[in-house]
Amino acid sequence: MGATKLYEADGHSFILLEGYGHGEMVPTNQVVIHDHNEAILLDPGGHKVHYEVLNEVSALVPVNDLKYLFFSHQDPDIVAAANAWLMLTEAEAYISELWIRFIPHFGVDELLIPRLNPIPDKGMRLPLGNTELLFLPAHFLHSAGNFQVYDPLSRTLFSGDLGASIGPPYVEVTDFDQHVQYMEGFHHRYMPSAKANRLWADMVRGLDIERIVPQHGAYFPDAETSRQFIDWVAALPGAVELMESVYRVPE
Ligand SMILES: [Fe+2]
Ligand SMILES: [Fe+2]
């Protein structure tokens, strides 16, 4: 746990809060992107990590600078603490339009609900300080309404659950082939569609990517490991096909 500045230049920084969660919880990565006087927190995490993440974020940026929250999709390891984040900050939150009416079930106060903003299926651009971030459509990777964030200044892609690794004993991927063992099980079960995998790879190949940071596990620290990861996703089979044999009435 702790914060690492993966990029810092000219009033812009991309900060990774790595490996929050303990015991049976899947550890989560959180990201802060700060540009001049505005910051966004990506995938803030659930209740159990809220206090620690809040402490860390407040140490990194003035809380008044936290203008935006981004939820890549609707899972509890991302949005469960939405109410607390909205209460403690003035931030506007962004999530797929598919999930706007589901998030209040996590216990978001009625007065805070207007600060949940829908991201349209085709994605959008969000101004941040003197720059602009891209919310990229990444539907079915794994959620039906799912987005990733590309920061053009640090040339970093936050890929949400895509690229998640479970249990690697390191934070940076140096040997891609050796790293596949920590990603494979998760992707073969959670990423349903080979076609969505390929469409995503085609889309992000059009971006200038220096590193890729997923919501769980180790990140791809340079252009070469990021390219290897994108190639791996392009050839990844879909979970639906891999699981055809389980569609049987249980005995
Ligand atoms: Fe998820
Ligand atoms: Fe996740």
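How many of the residues of strand β10 (residues 147–151) are buried? In this predicted model, local features need pLDDT of at least 70 and side-chain atom pairs count only at pLDDT 80 or more, whereas totals for chains, interfaces and linings use all residues. Residues are numbered from 1 along each chain as its sequence is written, and chains are lettered from A and ligands numbered from 1 in the order in which they are written.

Strand β10 is mostly covered, with 5 of its 5 residues buried. A residue counts as buried if 20 or more other C-beta atoms, placed from the backbone, lie within 10 Å of its own, as exposed if 12 or fewer do, and as partly exposed in between. Strands (E, at least two residues) and helices (H or I, at least four) are DSSP runs numbered from the N terminus. F147, V149 and D151 point one way from β10, while Q148 and Y150 point the other way.

β10 belongs to an open sheet of 5 strands with mixed pairing, in the order β8-β9-β10-β11-β12. Because β8 (124–128) and β12 (211–214) each have a single partner strand, they stand at the edges, and one side of each is left without a neighbour in the sheet. Neighbouring strands of this sheet are turned by 25 degrees against each other on average, direction ignored; the axes are lines fitted to C-alpha atoms, and angles between N-to-C directions run from 0 to 180 degrees.

Two strands are said to pair if DSSP finds at least two bridges between them. β9 (residues 131–137) pairs with β10 in the antiparallel sense over 4 bridges. Here L134 stands opposite Y150, and P137 stands opposite F147. On β11 (residues 156–160), 3 bridges join the strand to β10, again in an antiparallel arrangement. T156 of β11 is the bridge partner of D151. The two strands form a hairpin with 4 residues between them, and R155 in the turn has a positive phi of about 55 degrees.

Helix α1 (residues 47–60) has a kink of about 25 degrees centred on V53, the bend being the angle between axes fitted to the seven residues ending there and the seven starting there. V49, V53, L54 and V57 of α1 are buried. The buried residues of this helix pack against β2 (12–20), β3 (28–35), β4 (38–42), β5 (66–70) and α3 (82–88), contact requiring C-beta atoms, placed from the backbone, within 7 Å.

How values were computed
Two residues are in contact if their C-beta atoms, placed from the backbone, lie within 7 Å.
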